[in-house]
Amino acid sequence: MHDILIIGGGYAGLWAAFGAARQLDLAGREAEIALVTREPYLTARPRLYERDLAPGEARLPLAPMLQTIGAELVVGEVTGIDAPARRVTLADGRSLTARVIVLAAGSRAALPAIPGLAEHAEGIDDADQSARLWRRLAAFEGKAPAVAVIGGGFTGIELATELAGWRDAKAPGARIVLIDQGPIAAGYAGAARGVIGDALSSLGVRTRAGSAVAAVEAGGLRFADGDRLGCDVAVWTGGLEPSPLNRLIDAPKNAIGRLKVDAALRVDGLDGWLAAGDVAAAGVEGGNSTTMSCQHALSSGAFAGNNAARLLLGEAPLAYTPRPYVTCLDLGPAGALLTRGFEREVAMRGAEAKALKTSINRQLIVPPVEGGRAALLAAAAPERWMTR
Ligand SMILES: Cc1cc2nc3c(=O)[nH]c(=O)nc-3n(C[C@H](O)[C@H](O)[C@H](O)COP(=O)(O)OP(=O)(O)OC[C@H]3O[C@@H](n4cnc5c(N)ncnc54)[C@H](O)[C@@H]3O)c2cc1C
């Protein structure tokens, strides 16, 4: 039996491992921490829209970081969960038990039952998909392809504006269209949505709002109203859903299946379980819930790891009080947009916001491997992530 088991090697899971090791260090205690995850890498998911992402930036090996903090890496696919017994089983038949478990299995692209979607549309949900998309686009360099991005939310906007940069550099005749069944940039309103609209039109990205895609075919899309759009490449960016592992846990969930957690990130009604990142909906400022975002994955992961160790040591857990929510949207050659709060008020735009986005992607969310053990543990200090 492990003392602490973390399920998932994304931002939440890795920061939970740092946090647990940190809290044990502070107490001068040792314990067995294991992190089980499907691949031996941290995938930089928020960067998968970037066209020049080096393979070494898209995937960071977990083993050296976990070794540095004294945690075990178990590579495997969790397929079964006996929550009351705190036992998980892996696809290869192994099983793991622990005194405290942090569920941080994240999210994946939600794929609705649209005929042809899985077969014909590309995605940017993992590093392989992203690499395949950009390889496929490379074959169109110097040509005039039509590229359809289906899903006009955060990810679709970042990809469509990045594609505009690619078009200008590599395929000047390319046509890029951003499609949504509802409005484009539905998560934004007022001035922020205006900034996004201006960026899309200045970059020549065509938009098609209120257009539900009913089928994806080899050479195009069919819409619910019977209209057809020819395209050479279609990419699905239609939203995320929490890990299906949540369905194996009999505990309260919100409307999209994220686990409800208390102020200390403990799963409601389940002894010895915490949850962090995209799998969990934790209460934050103003009666809101955490978003499926890096800001909340990193901060809740750090808190959950610290709290896992505190529970193990019989200490009172810390209340999760992350800094006020902000979000920074890349707009390709048109810069970026920083918004504050859940109402997403415009806080910064253009080149200044782009510099911030670059530093978020290349520094803030990158584990400080070079700094060794002290830096990795300090990365999960709750005060780094909490309201000051
Ligand atoms: C293209 C894209 C762009 C994004 N852009 C932004 C952005 O600009 N800003 C922002 O804040 N957020 C962005 N996000 C969201 C952000 O990436 C997520 O909120 C964040 O990655 C969540 O971290 P996590 O650790 O909870 O989950 P994940 O990153 O999903 O990590 C989950 C981990 O668990 C592992 N796992 C899952 N199931 C199992 C299993 N059954 N067995 C074993 N291991 C398992 C996975 O392999 C993975 O390692 C973006 C996401 C995508 C896909």
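1. Two strands are said to pair if DSSP finds at least two bridges between them, and the strands and helices named in this note are DSSP runs, with at least two residues (E) for a strand and at least four (H or I) for a helix, numbered from the N terminus. The structure is a predicted model, in which local features need pLDDT of at least 70 and side-chain atom pairs count only at pLDDT 80 or more, while totals for chains, interfaces and linings use all residues. Residues are numbered from 1 along each chain as its sequence is written, and side-chain values use heavy atoms, with hydrogens and water left out.

2. With that definition in hand, strand E12 (residues 175-179) and E13 pair in the parallel sense over three bridges, and Ile179 has Arg208 of E13 as its bridge partner. These strands belong to an open sheet of five strands, which runs in the order E10-E17-E11-E12-E13 with parallel pairing. Strand E10 (121-122) and strand E13 (206-208) stand at the edges with a single partner strand each, so one side of each is left without a neighbour in the sheet.

3. A pairing of the antiparallel sense joins strand E14 (residues 213-217) to strand E15 (residues 220-223) over four bridges. E14 and E15 form a hairpin, with two residues between them, and Val216 stands opposite Leu221 in E15. As background, strands of a sheet pair through backbone hydrogen bonds, either parallel or antiparallel.

4. A backbone N or O atom of Val78 lies 2.8 Å from a nitrogen atom of the ligand, a backbone N or O atom of Tyr11 lies 3.1 Å from an oxygen atom of the ligand, and a polar side-chain atom of Glu77 lies 3.4 Å from a nitrogen atom of the ligand. The protein covers 91% of the 1,000 Å² of accessible area that the ligand has on its own, as given by the Shrake-Rupley method with a 1.4 Å probe.

5. Gly76, in the loop between strand E5 (72-75) and strand E6 (78-82), is buried at 13%. Ser243, in the loop between strand E18 (240-242) and strand E19 (259-260), counts as buried at 8%, and its side chain reaches the backbone nitrogen of Leu245 at 2.9 Å. Ala144, found in the loop between helix H5 (127-138) and strand E11 (146-150), is partly exposed at 46%.

How values were computed:
A polar contact is a pair of N or O atoms within 3.5 Å; within protein, one must be able to donate a hydrogen and the other to accept it, and residues adjacent in sequence count only if both atoms are side-chain atoms. Buried means under 20% relative accessible area, exposed over 50%, partly exposed in between (1.4 Å probe, protein chains only).
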